[in-house]
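This note is meant for a colleague who meets the structure here for the opening time. The points that follow may be read alongside the sequence and the model.

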Amino acid sequence: MDKSQYRRRDRLVEEKQHDTYREDKKWPEPTACKECNAVYIEGRWTWHEPSLKTNKVVCPACRRITENYPAGYLELKGTFFNKHHEEMLNLIRNEEKQEKDEHPLERIMTITEEDGQTLITTTGIHIARRIGKAVSRAYQGDLSFTYGKSEKSIHVIWSR
Ligand SMILES: [Zn+2]
């Protein structure tokens, strides 16, 4: 196999990966996630009760979690943040609950504390943006968003 064939294979792998995380992918209805029981019905993922005849797959959010492939990164830092850490994480958890109730594919993946800052990874870009905005609304501070290629990923930084 020469070099150009290798390159082509890499590209195919990349495209396939993107496809597995696609939130607008069409599934047969009803389809349920065997990990989290989210149900795909009427063109979107919901928390309906799965029926017995449901087609079983792994939803894009669970796939991201299993493969550790976040769509959103949210960094929180600063002396104010460190002082109000617990309180702010409660607000963040509450925002996650509201978003996830309505949109099953929008979830927090991990919360990591390191060197006085906290990194939160998420399965969707909307929840990362929502949390950033909620924190900024409640505590002011500096908020910035950076989007990745075709807005499939987001990096949010908040500091105070
Ligand atoms: Zn799932």
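Of which hand is the crossing of α4 and α5? The reply is given in point 5, after the setting has been described.

1. Basis of the note. The model is a predicted one; local features require pLDDT of at least 70 and side-chain atom pairs count only at pLDDT 80 or more, whereas totals for chains, interfaces and linings use all residues. Numbering starts from 1 along each chain as its sequence is written.

2. Overall composition. The protein has five helices and nine strands, where helices (H or I, at least four residues) and strands (E, at least two) are DSSP runs numbered from the N terminus. Read from the N terminus, the order of elements is α-β-β-β-β-α-β-α-α-β-β-α-β-β. Of its 160 residues, 29% count as buried; a residue is buried if 20 or more other C-beta atoms lie within 10 Å of its own, exposed if 12 or fewer, and partly exposed in between, with C-beta atoms placed from the backbone. Among contacts with a separation of 6 or more, 58% come from residues 24 or more positions apart, a contact being two C-beta atoms, placed from the backbone, within 7 Å.

3. The sheet. Five strands form an open sheet in the order β6-β7-β5-β9-β8, with mixed pairing; two strands pair if DSSP finds at least two bridges between them. Because β6 and β8 stand at the edges with a single partner strand each, one side of each has no neighbour in the sheet. On average, neighbouring strands are turned by 15° against each other, direction ignored. Strand β6 (residues 108-114) pairs with β7 in the antiparallel sense over six bridges, and T110 has T121 in β7 as its bridge partner. The hairpin of β6 and β7 has two residues between the strands, and D115 there takes a positive phi near 50°.

4. Strand β5 and its partners. Strand β5 (residues 72-77) runs antiparallel to β7 (residues 117-122), joined by six bridges; G72 stands opposite T122 and E75 opposite L119. With β9 (residues 154-159), β5 runs parallel, again over six bridges. L74 stands opposite V156 in β9, and the bridge partner of Y73 is H155. In a regular strand the side chains alternate between the two faces of the sheet.

5. Helix α4 (residues 85-102) packs against α5 at about 135°, their axes 10 Å apart; axes are lines fitted to C-alpha atoms, for helices over the stretch in contact, and angles run from 0 to 180 degrees between N-to-C directions. The two are therefore oblique, since angles under 35 degrees count as roughly parallel, over 145 as roughly antiparallel, 65 to 115 as roughly perpendicular and the rest as oblique. The crossing of α4 and α5 is right-handed, that is, the near helix is turned clockwise from the far one by less than a right angle. Residues that meet there include M88, L91 and I92 in α4, and I127, I131 and V135 in α5.

6. Residue Y147. This residue belongs to strand β8 (residues 142-147). Y147 counts as exposed because 12 C-beta neighbours lie inside 10 Å. Its C-alpha atom is 9.2 Å from that of G72, although Y147 and G72 are 75 residues apart along the chain.
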